[in-house]
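Please look through the sequence and the model below before reading on.

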Amino acid sequence: MSSFARALVVAGTLVCLSAPTAFAESDRAGARIVTYRSPQALRTLLARTHLRVTRRLPALRAVEVEGSTVGARPVARYPSAEPESTEPAVRDMYWAGVPYEWQYTATRAQFVPENVLRAARALKIAVVDTGCDLRQPDLSAKVPEVYSVVKRTRRADVRDFYGHGTFVASLAAGSVTNGEGIAGFGGDAGLLCVQVAHDDGSISDVDEAAGIVYAVRHGAKIINLSLGGLEPSKLETRAIRYAERRGVLLVAAAGNEFGEGSPIEYPAALLQRPGSYGRGGSGLSVGASTLKGERASFSNTGSYVSLAAPGDDVFAALSSYSDWSPAPLPGSREGLYGFSSGTSFATPEVAGAAALVWAANGALTARQVGAILKQTASGNGKWTPELGFGVLDVAAAVELAPKVGPAHHATSKLLRRRS
């Protein structure tokens, strides 16, 4: 198999357009009504704009404002129904009611209990990819372990010139407590960045296999594979089975070739076999969904899709070594962030959620964790070729996890009955 047999499963980097504000227009020309969650939230909002308060309605937590927003940073609106977050991309709005990191709230990740987020520190997520930009604050805060299969070194030189691995790693395990940038899906889970790609993004099956084995031997409980090709290799298959026998959950991208006939992608189809219709499986094959909870136009369909997660214009950290287009993020003092699309970026959300499920119940097996994530997805136990068992629901998965006994495999049985 050639060095180009493994491609990074990304639908293309998108340029962020200027964000509209979250104000609702009032009847009086030139004025707007702003709702807010707390006085501090209002002060923060006004500090970022050129607006002047003309009337206050404290009983309604609203103010009337006027003035220009030209040159101002996008304004945030704070819905009272959701808990506060210290991470700007979750807290601040890109559109009215839609945060920059919309994928976090769309999957209800913000409702995971604090004790589960903290307990995830006992787990390690490995991102086998193009490397990581360790200068990005959401990654540096985790003090990640690193290894380069290409350079065969454990030194910190895993610079991500392609940009893909940084985006993926921040989604899987970016810090949720540093008050900067985005919130990763894995809570306080540890991060292992395994670089398997050359600077142009090419990956061989040998390097992929070596990266998987390294991750297993260095304590990863979950391995994220946002890469794929149209044919499996014996070496790739052996590496996958090696990880499975050691109780590791592998999560892979289903692919972005819907417009080309949705060909079966590997290693995703080694984890959820074709013809399984989402049942069983040693790992998870992940498709991409939109803000509306529908299948992203590029996302592959088929009997090997386990479930889906947001992957259409999702927001995450960028590598400063790459040429991806950054977007301004209100409230962030450092770091680079932007939007991109692909099943590559749906996959680490599921990998991070798996860490939280395990944090909620450490007695679960890898197969049980996968079954819980499928059972609690938006399909309510019903499988479709477009979204598998539906879109990821992190809070529901974490809530179910403690109720599953290690010896009963109740989740797998329930999935068989419902499908």
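**Residues in loops, and how helices pack**

Asn256 counts as buried, because its relative accessibility is 14%; buried means under 20% relative accessible area, exposed over 50%, and partly exposed in between, with a 1.4 Å probe and protein chains only. The model is predicted, so local features need pLDDT of at least 70 and side-chain atom pairs count only at pLDDT 80 or more, while totals for chains, interfaces and linings use all residues. Residues are numbered from 1 along each chain as its sequence is written, and side-chain values use heavy atoms, with hydrogens and water left out.

Asn256 sits in the loop between β14 (249–253) and α9 (268–271). Helices (H or I, at least four residues) and strands (E, at least two) are DSSP runs, numbered from the N terminus. Helix α10 covers residues 343–360.

Another loop residue, Thr130, lies between β9 (124–129) and α5 (137–140). Thr130 is buried, with a relative accessible area of 3%. Its side chain and that of Asp160 are joined by a polar contact of 2.6 Å. A polar contact is a pair of N or O atoms within 3.5 Å; within protein, one must be able to donate a hydrogen and the other to accept it, and residues adjacent in sequence count only if both atoms are side-chain atoms. A polar atom of the Thr130 side chain also lies 2.7 Å from the backbone nitrogen of Gly165.

Helix α6 (residues 164–173) packs with α10 at an angle of about 30°, the axes being 7 Å apart. That makes α6 roughly parallel to α10, since angles under 35 degrees count as roughly parallel, over 145 as roughly antiparallel, 65 to 115 as roughly perpendicular and the rest as oblique. Axes are lines fitted to C-alpha atoms, for helices over the stretch in contact, and angles run from 0 to 180 degrees between N-to-C directions. On the α6 side, His164, Phe167, Val168, Leu171 and Ala172 meet Ser344, Phe345, Pro348, Glu349 and Gly352 in α10.

Helix α10 also packs with helix α11 (residues 366–375), here at about 115° with axes 10 Å apart. That makes α10 roughly perpendicular to α11. Val350, Ala353, Ala354, Val357 and Trp358 in α10 meet Ala366, Val369, Ile372 and Leu373 in α11.

Now the whole chain. It has 13 helices and 18 strands, and buried residues make up 60% of its 419 residues. Among contacts (heavy atoms within 4.5 Å) between residues at least 6 apart in sequence, 74% join residues at least 24 apart.

The mean pLDDT of the chain, the predictor's confidence in each residue from 0 to 100, is 85, and 80% of the residues reach 70 or more. Over residues 12–31 the pLDDT is below 50, and this stretch has 49 contacts in the model beyond near neighbours in sequence. Residues 414–419 also have pLDDT below 50, with 13 such contacts. Where pLDDT is low, the predicted coordinates should not be read in detail.
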